Amino acid sequence: MNNEFPQGFLWGTATAAHQVEGNNTNSDFWVMEHVPETVFAEPSGDAIDHYHRYPEDIAMLAELGFNSYRFSVEWARVEPEDGRFSTAALDHYGRMCETCLAHNLKPVVTYHHFTSPRWLISQGGWQSMATAEKFARYAGKVTEHLGDQIEAVCTINEVNIPRMAALMWMAGGEDESFIREAAQALHTTPEQFAPFMFAGTHQGRDVILAAHHQARAAIKAERPSLPVGLTIAMADMQALPGGEAERDRMRWELQDVFLEAARADDFVGVQTYTRERYGAEGNLGPQEGVEQTQMGYEFWPQATGATLRRAYEVAGIPMMVTENGIGTDDDGRRLAYYQSALQSVATCLQDGLDVRGYFAWSAFDNFEWMLGYRPTFGLIAVDRRTQQRTIKPSARWLSKVVQTNRLEQ
Ligand code: BGC
């Protein structure tokens, strides 16, 4: 089999501002991490100080041979108060783009990766239709400032994750005292508490999709040729005999409705970590005997190809794998994961699917949201006391694939 990747294929790693920058104090997550009854394992703190160390971090990614870098712009820094934009913050992200370009890395920039400014939550957050307009205004501003340097924009990271959280993880109800305290600290009520992750209703979904569509128009108004897409979290949703109806129902709620909304976009970002098995009674959880990752997911790298095929079937537009990876402290398993996942991408390409790039999650070990720093997804380890970076063997292996544009079998 010919495992060559197409010329111009984007090879990168991905990060998100809040997970790596440190001291993102004006964001809703920072507040949620610090209330007394927090559900976060630990606060994000200095993270890996990427806000200051991005020049050496980007240089390290370039040395590994990547030709692209996916990172996010932090809305809470760019618009610290409703309608007040910080030129200094926009310039910071401008310098990140310049640094990427100086190292021949094409910037793929995400405008929203889970975190929002505090003020937005006090105004109703992601349950309020007014948020769509505010997000579009911010997206236009960022594009006006950085648009010429960007390869592609991901408007909103994982548009479907609030719905997943509501139907799967928070189905038993979230910790009430946490919600009460966080709502108060964010100047809203428990009933109207809607940081992105908590906007899991149909109304929340409609606000998020409207925000994407309005932002796309605002970005195109600034720079019509800039490719724009959203990203979506996709498990390979498998049905066991008798589980087809339940799988299809959940797949509609969690994936298809979002993929259909992306049909007019330039691309869709597919983000995959594992599979899910459905029986008549719903999600069956990991199968006994199948290895599990630090997240409790099945080790299932072939999900990458399967979800690309599904995304193509429903959205029918060009695709990028905007995240794919594994939380593990066994770097040999990380290497095995990437090898198998990339084989499934190569097979999709051989079958004629339009896949334009692949971004490993993540460049560095970082802040894994509510789980804190325990899960390690990085190709590069970070000692958070000294902030020293250490390249892992899996990164060296991926570096060879990237530099030859070919996957050895
Ligand atoms: C998110 C990342 C996260 C990763 C691993 C994705 O859902 O976009 O922010 O760290 O999965 O759990």
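The legends below describe close-up views of a predicted model.

**View 1. Strand β4 and its burial.** Strand β4 comprises residues 152-156. This strand is mostly covered, since 5 of its 5 residues are buried. A residue counts as buried when its relative accessible area is under 20%.

**View 2. Strand β4 between its pairing partners β3 and β5.** Strand β3, formed by residues 106-112, runs parallel to β4 and is joined to it by 4 bridges. In this pairing, His112 stands opposite Ile156 of β4. Strand β5, formed by residues 228-229, also runs parallel to β4. Here 2 bridges join the two strands, and Val153 stands opposite Val228 of β5.

**View 3. The largest pocket and its lining.** Rolling a probe the size of a water molecule over the atoms shows where empty space is left. In the largest pocket, this space amounts to about 960 Å³. The lining consists of 37 residues. Nearest the centre of the largest pocket lie Ile161, Met164, Trp169, Met295 and Tyr297. Which element gives the most to this lining? Helix α8 does, with 5 residues. Both α8 (161-169) and β9 (275-279) supply at least two residues each to the lining of the largest pocket. By class, the lining of the largest pocket holds 21 nonpolar, 8 polar and 8 charged residues.

**View 4. The second largest pocket and its lining.** The largest share of the lining of the second largest pocket comes from α8, which supplies 3 residues. Sorted by class, the residues of this lining are 10 nonpolar, 5 polar and 2 charged.

**View 5. The surroundings of the ligand.** How many residues surround the ligand? There are 14, and the closest are Gln19, His113, Glu158, Glu323 and Glu368.

**View 6. Polar contacts between side chains and the ligand.** The side chain of Asn157 has an N or O atom 2.9 Å from an oxygen atom of the ligand. For Glu323, one of the closest residues to the ligand, the distance from a side-chain N or O atom to a ligand oxygen atom is 2.9 Å. In Tyr273, an N or O atom of the side chain lies 3.5 Å from an oxygen atom of the ligand.

Definitions and conventions
Residues numbered from 1 in each chain as written. Predicted model: local features only at pLDDT ≥ 70, side-chain atom pairs only at ≥ 80, totals over all residues. Heavy atoms only, no water. Buried < 20%, exposed > 50% of the residue type's maximum accessible area, 1.4 Å probe, protein only. Pairing = 2+ DSSP bridges. 1 Å grid on protein atoms, 1.4 Å probe; cavity = no way out; pocket = protein on both sides within 12 Å on 5 of 7 lines; lining within 4 Å. Points joined across faces, edges and corners; volume = space filled by probe spheres on them. Nonpolar A, V, L, I, M, F, W, Y, C, P; charged D, E, K, R; others polar. Near = heavy atom within 4 Å. Polar contact = N/O pair within 3.5 Å; in protein donor to acceptor, adjacent residues only side chain to side chain.
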